[in-house]
Amino acid sequence: MSRIRITAGCLLALASAANAQTVESLTSLGGQGSIAWGINDKGDIVGESLLADGTTVRATHWWGSANNARDLGVAAGAVHSTAYAINDRGSVVGYSEFDTGRRTATMWPGTPRGLGVVDLGAQMGAIGSSVAWSINNFDVVVGQASLSPGFAKGFVWDDANGGRIAGMSQLYQGGANYGINDSNVIVGSAFFFGDPDDAFMSRPNDDGTWGDSDIAPPGYNLSIAKDINNLDMVVGFTSAGVDVGWQAAIFEGRGAVTLLGTLEGLENSEAVAVNDHGLIVGHAWDNDFKLEAGAWAWMDGTMYDLNNFIDEGAGFSRLLAATGVNNSGDIVGYGFLTDGSISGFVIRGFVPAPGSVGLLAMGLGMAARRRR
């Protein structure tokens, strides 16, 4: 028994060593803390970080290297800001926050319009808080806002038409548009007060409207679609078919889903981003919040714990969440540094090492046989 136990441990160690990849920490704007939320196909990263005063949070753009950080600024009158997504033109979206706590959807336009700050919430006449969640390569923005009294609903904004409520949430009491691809297909969730969210996908019609499809599994379940790639692959999470909590899922349409599972020892998972090659990223956590959350990547039926890919000297003690991925396989997110502070990270060109999956499976299989 002792010999089998050692062998399994060695195999796990070999798998971890074979998978080691460079995890870079993203510098802040002078304070101690940063978070990465999105990345484009050029490798530009956006998120948020602290200024030197240690309390002011600003939308941040990293370009060229993990050490090149730029303060994107805020909408007029706001104090804080956060950037969630950047497209290949360099346009960025997120929100600015006032000292009252109200948030306004914000865009930092890229080429060809140049840098600046556009208060989308004010431009749309939003009531209360609003957030811009995503943007495609044609500068079409999606998010959530209340453009009339009541709950916030999913909006679409572009230069030609401004902002308007679109997607399934216009038929429900509230909701949000979380993702949009380059064909202007929208995904998100919608709800009636007191009921769980339903995931939806909306395709554009020739008349400027959208045809809505409820893609949530049937039943009284929580389902939220977070992202869509250019092949119309939709990812998010659902409680359908899950005994406790919810799990990351691929929404297949007409209520069919593929559950992606979760990391060992953690009951819940969420998928938040997918690239055009089907590489999905997200995070997992336990119901009691007694164990630290874990960042993961899913590809070809296998979920990989990104903490097994931290190379020695990376400076991270735990990667908590993967939040974005581009078509080169660059993954961004955030985690704990060894000094206990939070930092954004980037893994460039994530590819599991050949043979490592087999070694890991062999080690786990031997451990399972030993338990029996």
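View 1. At 31% relative accessibility, Arg103 is partly exposed, while Glu97, at 18%, is buried. Here, buried means under 20% relative accessible area, exposed means over 50%, and partly exposed is in between, using a 1.4 Å probe and protein chains only. The two residues form a salt bridge, with their closest N and O atoms 3.0 Å apart. That term stands for a side-chain nitrogen of Lys or Arg within 4 Å of a carboxyl oxygen of Asp or Glu. This is a predicted model, where local features need pLDDT of at least 70 and side-chain atom pairs count only at pLDDT 80 or more, but totals for chains, interfaces and linings use all residues. Residues are numbered from 1 along each chain as its sequence is written, and side-chain values use heavy atoms, leaving out hydrogens and water.

**View 2. Arg58 meets Asp71.** Their side chains join in a salt bridge (3.1 Å, N to O). Arg58 sits in strand β4 (residues 57-62) and Asp71 in strand β5 (residues 69-71), so the pair ties together parts 13 residues apart in sequence. Strands (E, at least two residues) and helices (H or I, at least four) are DSSP runs numbered from the N terminus. Arg58 is buried at 18% relative accessible area, whereas Asp71 is partly exposed at 31%.

**View 3. Arg164 with Asp158.** Here's another salt bridge, at 3.0 Å from N to O. Arg164 is partly exposed at 23%, and Asp158 is buried at 13%.

**View 4. A salt-bridge network.** Glu24, Asp330 and Arg348 are linked in a network of salt bridges. By the salt-bridge rule, the count comes to eight.
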